[in-house]
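Try each task by yourself before you read its solution.

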Amino acid sequence: KIKICIIRSQYNDTSKLLKSATSELKKKKILYSIFNVPGAFEIPVTIVRNIKSYDGFIAVGSIIKGQTPNFNFISSAITNGLIQISILYKKPIGNAVLTCLNRKQAKARYIKGFEAAKAVCDVLNVK
């Protein structure tokens with residue numbers, strides 16, 4: 001039986017992203033666990049700490065640009081970390097970490113949770 005782990009950032013509102021991801025997993029009757037972390041920066045290390053226990057992962061977070069360049073650094077670090085982990089451990093990681101300029105853009109992209117879950121299921125050949 002396939003097991004998926006969702007790592008969810010609690011910084012900014014990620015509840016609708018999470019709901020769109022879990023609805024797809026429920027529809028496909030896939031077992032999943034949810035780990036909450038303080039922010040998106042903690043997602044990659046939490047995945048690595050749990051890498052042997054799950055078949056795939058879904059990263060859920062929301063990074064909204066502020067007044068400093070921190071947005072660029074955090075967004076790049078997370079994206080690079082997720083792809084490196086996926087390649088190194090040969091496990092799919094669905095990326096539902098939004099990188100938006102404002103909250104309005106983030107709200108318009110809640111479907112990304114569903115898309116990340118679907119991508120992981122497709123890679124794992126879940127019908």
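This is a predicted model: local features need pLDDT of at least 70, side-chain atom pairs count only at pLDDT 80 or more; totals for chains, interfaces and linings use all residues.

Residues are numbered from 1 along each chain as its sequence is written, and side-chain values use heavy atoms, with hydrogens and water left out.

**Exercise 1. A pair of helices**

Solution. 
- Step 1, find the elements. Helices (H or I, at least four residues) and strands (E, at least two) are DSSP runs, numbered from the N terminus.
- Step 2, describe the geometry. Two packed helices are described by the angle between their axes and the distance between the axes.
- The crossing of α1 and α5 is right-handed; that is, the near helix is turned clockwise from the far one by less than a right angle.
- Step 4, list the contact (heavy atoms within 4.5 Å). From α1 come Leu 17, Ser 20, Ala 21, Glu 24 and Leu 25, and they meet Lys 112, Gly 113, Phe 114, Ala 117, Lys 118 and Cys 121 of α5.
- Step 5, sort these residues.

**Exercise 2. α1 from end to end**

Task: Check the length of α1, then find which of its residues are buried and what covers them.

Solution. 
- Step 1, length. The expected span of a helix is 1.5 Å times one less than its number of residues. For the 13 residues of α1 that gives 18 Å, which agrees with the 18 Å between its end C-alpha atoms.
- Step 2, burial. Buried means under 20% relative accessible area, exposed over 50%, and partly exposed in between (1.4 Å probe, protein chains only). The buried residues in α1 are Leu 17, Leu 18, Ser 20, Ala 21, Thr 22, Glu 24 and Leu 25.
- Step 3, cover. Among the elements over these buried residues are β1 (3–9), β2 (31–37), β3 (56–64), β4 (93–100) and α5.
- Step 4, one residue in detail. Ser 20 has a relative accessible area of 13%, so it is buried. Leaving aside neighbours within four places in sequence, Ser 20 contacts Tyr 110, Ile 111, Gly 113 and Phe 114.
- Step 5, what comes after. Lys 29 follows α1 and has a positive phi, near 55°. Lys 29 sits in the loop between α1 and β2 and, with a relative accessible area of 65%, is exposed.

**Exercise 3. Aromatic rings**

Task: Find the aromatic pairs and say which residues make up the cluster.

Solution. 
- Step 1, search. Rings of Phe, Tyr and Trp (its six-membered ring) pair if their centres lie within 6.5 Å; planes under 30 degrees apart count as stacked, over 60 as edge-to-face and the rest as tilted. The whole structure has two aromatic pairs.
- Step 2, one pair. Phe 35 and Tyr 54 have ring centres 6.3 Å apart and planes at 90°, so they are edge-to-face. Phe 35 is in strand β2 and Tyr 54 in the loop between α2 (43–49) and β3, 19 residues apart.
- Step 3, the other pair. Tyr 54 and Phe 57 are also edge-to-face, at 5.9 Å centre to centre and 65° between the planes.
- Step 4, join them. Phe 35, Tyr 54 and Phe 57 form one cluster.
- Step 5, accessibility. Phe 35 is partly exposed at 28%, Tyr 54 is buried at 11%, and Phe 57 is buried at 0%.

**Exercise 4. Inside or outside**

Task: Are Ile 43 and Lys 127 buried or exposed?

Solution. 
- Step 1. Ile 43, in helix α2, has a relative accessible area of 0%, so it is buried. Its contacts beyond four places in sequence are Ile 7, Ser 9, Val 37, Ala 59, Val 60, Leu 82 and Val 97.
- Step 2. Lys 127, in the segment after α5, is exposed at 83%.
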